[in-house]
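Visitor: I would like to learn how to read a protein model. Could you show me some features, one by one?

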Amino acid sequence: MAYQALYRVFRSQRFDAIVGQRAITQTLKNAIVQEQISHAYLFTGPRGTGKTSAAKIFAKAINCPNSVDGEPCNECEMCLSITNGSQEDVIEIDAASNNGVEEIRFIRDRANYAPTQAMYKIYIIDEVHMLSTGAFNALLKTLEEPKKNVIFILATTEPHKIPATIISRTQRFDFKRIQVADIVDHLAEILQELHVEYESNALTIIARSAEGGMRDALSILDQAIAFSDGQITEQHALEVTGSLTNEKMDHFLQACLNEEVSDALRQLQLMLEDGKESNRLLENLLFYCRDILLYQQAPDLLIQEGKQLSEGFEQLTQQVPAEQIYTWIKILNETQQEIRFTTSPGIYLEVATVKLAAKQQPTVVGTTQANPNQLQAVQQEIDELRQQLKQVTSRPQEAPKPKNQVRQVTSTYRVPRERVNQVLAKATKERMLQVKEIWEDLLASLSPTQKAMLRASEPKAASDNGLVIAFDYEIICQRATSDAEFSLAIHNQISRFIADYAPESIFITQGDWPELRNDFLAGNQGDGTLEVEDAADGEVSLLPETEDLVVTKAQELFGDLIKIEEN
């Protein structure tokens, strides 16, 4: 007989065998016992958490003549035929390859006929979110008028893609990610049945790499068995999963703790040369920092998980303060988000390493109290900005301008007129609304100094590739323009809050904005509409390029400072 993968051989055949979903399985068993069976169910959750297995077990249990306490016997002809897929009254469909209207109409027509052998005719539609709009409409008609003895079980990993009209006509069960400890226990049972020796720490590495999916864990275990020579060791698990050894993480974090930047970068380079994938590397470091923190605060919990403590790990738990671990976790988490949108993750890893190893006062996450030295440094930055603003505002005011002039300003700051015009040419209301919705979140995500700078500004126009931001003061605008880290922070954080949007920021002053906008309008007469921020009332407006509206807007902006002359 051909070899079968472990996830197929050890697929759950009873509700009690499904790992980590007890609340769901008990509810389904009670429904069968009490004969309170719905006509449609929706099983949602991450991959490999038991959705399809639960659907097939449910199909067996309600059709099994020997069912006991809601569990199938798995021995009768009905159970065996459903298990091997030969029962014609239990139809399993992959919506990824059968997502058209005709396929669903065919199902709807067949649902009109009573089951031939089983008590219930059951349709299991996997990855139901792949159905087309027309197919969903056809399915909705069937769910609105269910036939007797016909049950639909819909399974999906992306419930947000399913129309609300479908969801409202089903009983929904959300399968959760399986805990590491539960996966480890299940893998241990399988290896004992297979008579394969193993190291407990190896199973923990495999379980963590599976990210809450039992199918993934069994697939990795399959590889580990093939890779090993009869015993699965920790080293085998590390090789198969691409994870880091404890020694490498010890050396890396010890270099960071000692503020040895060059050594930390060298350790990073060695890990990357070993072929470690960036996401996996960051994930391992995050888990390791978590383990250090957990061992400091509640060592019994870590020991219960079967964690094997190395000498380097125990040294780190004694040397690194909890506040430093909070800072490390914050940096690693931010880097994990940033590399999702880049083709050069190595650069972000190097920057993160410099941050981890550089001299810095740790920030206490989740509390309003920060380190006094850090607060003092931030306060000095703010005081410096205030002093510069005070010098600007204390300069002698210019003589009053004649009323027939709008304004005449001399400035040392060079206005990026061409770049602003490029954004205005493609500005959209939708992008501006997106930016305004996440503006407060953007401010909260920045460092105190960066937040103080951006507080004195507001977005003015947004296109798919650019964002115009106007500052209240020219001196802050100049500083923002020359601060590459500030621009990069805005770029990265916006991409976190708005999917597939990472605009280049262009900085101007509030005083320059009306002129830039009006000049663009004047040079684009008859080109349709322009969607930008109205500086007068702070609302997003659609501005038709007509002469009358330009004059009206000019009056709103400048009042008596302008003189209207008829040509």
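Guide: A crossing is left-handed if the near helix is turned anticlockwise from the far one by less than a right angle, and right-handed if clockwise. Before we go on, note that this is a predicted model, where local features need pLDDT of at least 70 and side-chain atom pairs count only at pLDDT 80 or more, while totals for chains, interfaces and linings use all residues. Residues are numbered from 1 along each chain as its sequence is written, and side-chain values use heavy atoms, with hydrogens and water left out.

Visitor: At what angle do H5 and H6 pack?

Guide: Two packed helices are described by the angle between their axes and the distance between the axes. Helix H5 (residues 101-110) packs on H6 at about 15°, and their axes are 8 Å apart. Axes are lines fitted to C-alpha atoms, for helices over the stretch in contact, and angles run from 0 to 180 degrees between N-to-C directions. H5 and H6 are therefore roughly parallel to each other; angles under 35 degrees count as roughly parallel, over 145 as roughly antiparallel, 65 to 115 as roughly perpendicular and the rest as oblique. In H5, Val-101, Ile-104, Arg-105 and Arg-108 meet residues of H6 including Gly-134, Ala-138 and Thr-142. Contact here means heavy atoms within 4.5 Å.

Visitor: Which residues make the contact between H9 and H10?

Guide: First the geometry: the axes of helix H9 (residues 200-209) and helix H10 (residues 214-227) come within 8 Å and cross at roughly 135°. That makes H9 oblique to H10, and their crossing is right-handed. H9 contributes Leu-203, Ile-206 and Ser-209 to the contact, and H10 contributes Ala-217, Ile-220, Leu-221 and Ala-224.

Visitor: How many helices and strands does the protein chain have?

Guide: The protein chain has 26 helices and 12 strands. Helices (H or I, at least four residues) and strands (E, at least two) are DSSP runs, numbered from the N terminus.

Visitor: Now the rings, please. How many aromatic pairs does a search of the whole structure find?

Guide: A pair of aromatic rings is described by the distance of the centres and the angle of the planes. The search finds 10 aromatic pairs in the whole structure. One of them is Tyr-41 with Phe-58, edge-to-face at 5.0 Å centre to centre and 65° between the planes. Rings of Phe, Tyr and Trp (its six-membered ring) pair if their centres lie within 6.5 Å; planes under 30 degrees apart count as stacked, over 60 as edge-to-face and the rest as tilted. This pair links distant parts of the chain, since Tyr-41 is in strand S1 (residues 40-44) and Phe-58 in helix H3 (residues 51-63), 17 residues apart. Ring pairs also join Tyr-41, Phe-43, Phe-58, Phe-173 and Phe-175 into a cluster.

Visitor: Is Tyr-41 buried or exposed?

Guide: Tyr-41 is buried, with a relative accessible area of 1%, and Phe-58 is buried at 0%. Buried means under 20% relative accessible area, exposed over 50%, partly exposed in between (1.4 Å probe, protein chains only). Across the protein chain, buried residues make up 45% of the 567 residues.

Visitor: What does Leu-42 contact, leaving aside its neighbours within four places in sequence?

Guide: Leu-42 also lies in strand S1 and is buried at 1% relative accessibility. Among its contacts beyond those neighbours are Leu-154, Ile-162, Ile-167 and Phe-173. Leu-42 and Ser-168 are 126 residues apart in sequence, yet 9.9 Å apart in space, C-alpha to C-alpha.

Visitor: Where does the charged end of Arg-431 sit?

Guide: The charged end of Arg-431 sits over the ring of Tyr-501, 4.1 Å from the ring centre. The rule is that NZ of Lys or CZ of Arg is within 6 Å of the ring centre and within 35 degrees of the ring normal. Arg-496 likewise lies over the face of Phe-497, at 5.5 Å from the ring centre.
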